[in-house]
Amino acid sequence: MLAVLATKIRSNGEGSVATAIKKPYEGFLISEPMVGRGMVIFRDPNGRRMVTTAVRRILTTAETEGREDERERRLMYVETENSVYRLAFLDAASRSVTAASG
């Protein structure tokens, strides 16, 4: 499982609702996104999840994001049929803090 912070950065559809743009979703991916398949982000241990439409394109990069320690955080931009998401993969320290607080 991969700990991620997913942020919706754009809606593609004509009838899409723009209210969730820039809203972060922290959770876990079972595997990395693949073109042609939807993403499922599990948001809590009780099974609450966010399901996307099929993935069209994936851009993988590494950026420092202006963090104080300047460690790189792996980023991935995923375009689905209806939206574009920015996925930031969280390190082990972030996961343990999240698990302790949840």
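What pLDDT does the chain average, and how many of the residues score at least 70?

## Model and confidence

The chain averages a pLDDT of 77, and 71% of the residues score at least 70. pLDDT is the predictor's confidence in each residue, from 0 to 100. This is a predicted model: local features need pLDDT of at least 70, side-chain atom pairs count only at pLDDT 80 or more, and totals for chains, interfaces and linings use all residues. Residues are numbered from 1 along each chain as its sequence is written, and side-chain values use heavy atoms, leaving out hydrogens and water.

Confidence is highest in strand β6 (residues 83-89), at a mean of 90. It is lowest in helix α1 (residues 92-101), at a mean of 45. Helices (H or I, at least four residues) and strands (E, at least two) are DSSP runs, numbered from the N terminus. Over residues 93-102, pLDDT stays under 50. Where pLDDT is low, the predicted coordinates should not be read in detail.

## P24 in strand β2

P24 is found in strand β2 (residues 24-29). Leaving aside residues up to four places away in sequence, P24 touches L5, A6 and T7. Contact means heavy atoms within 4.5 Å. P24 and T7 are 17 residues apart in sequence, yet 4.5 Å apart in space, C-alpha to C-alpha.

## A charge over a ring

R74 lies over the face of F89, at 4.4 Å from the ring centre. The test asks for NZ of Lys or CZ of Arg within 6 Å of the ring centre and within 35 degrees of the ring normal.

## Lining of strand β3

Strand β3 (residues 38-42) gives four residues to the lining of the second largest pocket, the most of any contributor. A pocket is an open set of points on a 1 Å grid over the protein atoms alone, where a 1.4 Å probe fits, with protein on both sides within 12 Å along at least five of seven lines; lining residues have an atom within 4 Å of a point.
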